[in-house]
Amino acid sequence: MRASQYLLATVKETPADAEIISHQLMVRAGLIRKLASGLYSWLPLGFRVLHKVTHIVRDEMNKSGAMEVVMPVVQPSELWEESGRWQGMGPELLRFQDRHERDFCLGPTHEEVITDIVRSELSSYKQLPANLYQIQTKFRDERRPRFGIMRAREFVMKDAYSFHIDEASLQETYQVMHQTYCNIFSRLGLDFRPVIADSGNIGGSTSHEFHVLAESGEDEIVFSSASDYAANLELAEGRLAQPNPDEEMLAAREIDTGEAKTIEAVASLLNITPTQMVKTLLVHACDKEENISDNLVALVLRGDQELNETKVQKINGISSPLVFADDELIEKTVGCPPGTIGPQGLSLRVIADHSVTDLKNFTCGANVAGKHIVNQNWSEQCQYSETADIRKIQEGDLSPDGNGTLSIKRGIEVGHIFQLGKKYSAALKATVLDENGKAVVMPMGCYGIGVTRIVAACIEQSHDERGIIWPENITPFHLIITQIDAHKSDQVQEFSEAIYAKAQALGMEVLLDDRDKKTSPGVKFAESELIGIPHRVVVSPRSLADGVVEYTNRGTGEKQAIAKEGVMEFLAGTINIHAGD
């Protein structure tokens with residue numbers, strides 16, 4: 001491809017609405033252009049990258065045995081009413097009517113449509129398992145689209161759905177898809193982690209997110225220094241160092257702590273550390289219909305630990321979303337204001353985090369205004385109903401599998417796999433006959449990848465102050481040949497054309513910057529670094545006079561003079577044109 005005939009739509013200025021580096025660089029490098037809020041056109045350079053990402057995703061999905069289909073973007077309301085999501089989905093679901101006043105939506109996801117297909121086309125257990133996928137445009141009417149294509153309203157997604165005769169079959173396909181996702185992200189050249197995750201409003205039980213590690217990531221992920229354990233911070237488990245089991249239990253006594261109510265204030269007053277304290281939080285329970293009630297549940301944690309609300313609201317009998325009791329209800333229920341609540345003597349359900357169950361001689365509220373108890377211990381007078389993991393893990397915690405310590409880093413979610421169970425198949429009555437001729441509702445799996453988001457995540461992970469640094473497997477071009485003063489030297493033009501032709505013959509994707517004298521060398525260099533092509537060869541009258549060309553590696557910044565007779569041998573040995581294969 002010749003730059004003189006190619007739309008290199010680079011710009012110098014950073015867009016005012018571009019908050020993160022991928023958004024800034026994608027606009028400046030001419031990959032995308034904004035049409036409206038959350039809507040972007042992909043220009044030729046960006047589409048080449050997107051096409052390569054799509055190819056890798058499709059290739060690995062096909063290798064897994066999944067079958068590609070294409071489903072409509074526009075979906076009828078009837079299917080969503082069958083699943084119960086027509087109203088439950090909220091305003092992110094863009095609803096509209098056709099000319100006959102029939103209700104439709106733009107599909108943000110396709111669980112309903114694929115289940116409708118399968119219930120019509122599959123009838124026997126002999127046709128299972130079946131895994132169907134598509135790579136297609138989605139639309140979610142985000143309230144506040146931001147970060148360019150990272151959180152756009154319209155985006156390209158790979159979504160796959162598997163159907164099974166039983167849970168054992170679902171588990172097998174789930175593991176195949178987990179490995180398939182690892183293969184995809186490895187081929188894309190990304191530093192990623194699969195982590196245990198929350199299924200959210202999609203439903204189901206087990207799920208894993210796949211995160212690209214990047215400082216700009218919205219999610220915090222946790223992983224072990226010495227094992228494969230990894231989880232989203234909201235669900236991560238960790239262990240604390242065990243207290244001394246031989247510590248002698250002392251006699252508890254009540255003391256006056258006045259206006260000191262916070263953990264920090266009481267610790268300072270008593271000259272102790274928060275690790276020697278217990279805090280008790282009161283939240284609303286829910287009734288049998290899962291409606292919030294005025295009954296309260298006490299949650300007990302070590303003083304230096306933070307409550308993990310996502311974990312708590314998954315506990316049966318607790319209101320979801322989590323609602324903390326207000327001061328008036330606390331006074332009415334416990335008889336003291338917040339800040340002096342303790343676990344002793346409570347006529348409530350008391351859930352103790354694992355961080356407190358082995359504590360001895362701890363300090364806690366006395367359930368009396370202005371009072372605390374020191375040297376409290378678990379006993380008949382001070383006890384908990386049950387234990388649960390309800391704290392948010394911290395950097396340096398011990399890994400729950402006993403191997404290594406936990407680190408916390410930021411990540412960008414680019415993939416998510418779910419074991420959906422029978423949520424959608426039961427609602428839409430998707431059944432097959434088993435080997436005994438009995439109708440069985442099929443368990444389902446769901447597997448999504450944000451194809452357009454991958455491009456932005458790659459840039460967030462791999463860039464510098466000059467621009468993008470593409471991995472070779474998804475770069476728009478492998479090589480850029482930059483001509484300098486070709487209008488003054490026929491030799492420059494002839495040699496550049498020769499390299500261009502030979503590199504293409506070897507299968508390299510090459511951009512020849514043959515723009516005329518109106519484009520200065522400085523502009524050419526800056527643009528080549530901005531768009532991030534991994535390998536650059538500069539051909540100039542001066543270098544040719546010395547019998548060399550200048551080679552630059554975009555990733556390392558390394559420059560070297562290559563003898564012009566050996567330039568093709570060097571490029572053939574340096575550029576991996578099969579990196580994404």
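Visitor: Which residue in strand 22 is the bridge partner of Leu213?

Guide: That's Gly411. Keep in mind that this is a predicted model.

Visitor: And what joins strand 10 to strand 22, and in which sense do they run?

Guide: Seven bridges join them, and the two strands run antiparallel. Strand 10 covers residues 207-213, while strand 22 covers residues 406-421.

Visitor: How many bridges join strand 11 to strand 22?

Guide: Six, again with the strands antiparallel. Strand 11 takes in residues 219-224. One of the pairs there is Val222, whose bridge partner in strand 22 is Ile408.

Visitor: What about strand 25 and strand 22, parallel or antiparallel?

Guide: Antiparallel, over six bridges, with strand 25 spanning residues 444-450.

Visitor: OK, switching to the surface. Which residues gather in the patch of negative charge?

Guide: Asp294, Asp326, Asp327, Glu328 and Glu331.

Visitor: Which helix gives the largest share of that patch?

Guide: Helix 9, residues 327-334, which supplies three residues of the patch. Glu328 lies in that helix, helix 9.

Visitor: Is Glu328 buried or exposed, then?

Guide: Exposed, because its relative accessibility is 67% and the cut-off for exposed is over 50%.

Definitions and conventions:
Residues are numbered from 1 along each chain as its sequence is written. This is a predicted model: local features need pLDDT of at least 70, side-chain atom pairs count only at pLDDT 80 or more; totals for chains, interfaces and linings use all residues. Side-chain values use heavy atoms; hydrogens and water are left out. Patches are made of residues with over 30% relative accessible area and no salt bridge: like charges are joined within 9 Å, nonpolar side chains (Val, Leu, Ile, Met, Phe, Trp, Tyr) within 5 Å. Accessible areas come from the Shrake-Rupley method with a 1.4 Å probe; for residues, only the protein chains shown count as cover. A salt bridge is a side-chain nitrogen of Lys or Arg within 4 Å of a carboxyl oxygen of Asp or Glu. Lys and Arg count as positive and Asp and Glu as negative; His and the chain ends are not counted. The place of a charge is taken as NZ of Lys, CZ of Arg, CG of Asp or CD of Glu. Helices (H or I, at least four residues) and strands (E, at least two) are DSSP runs, numbered from the N terminus. Buried means under 20% relative accessible area, exposed over 50%, partly exposed in between (1.4 Å probe, protein chains only). Two strands pair if DSSP finds at least two bridges between them.
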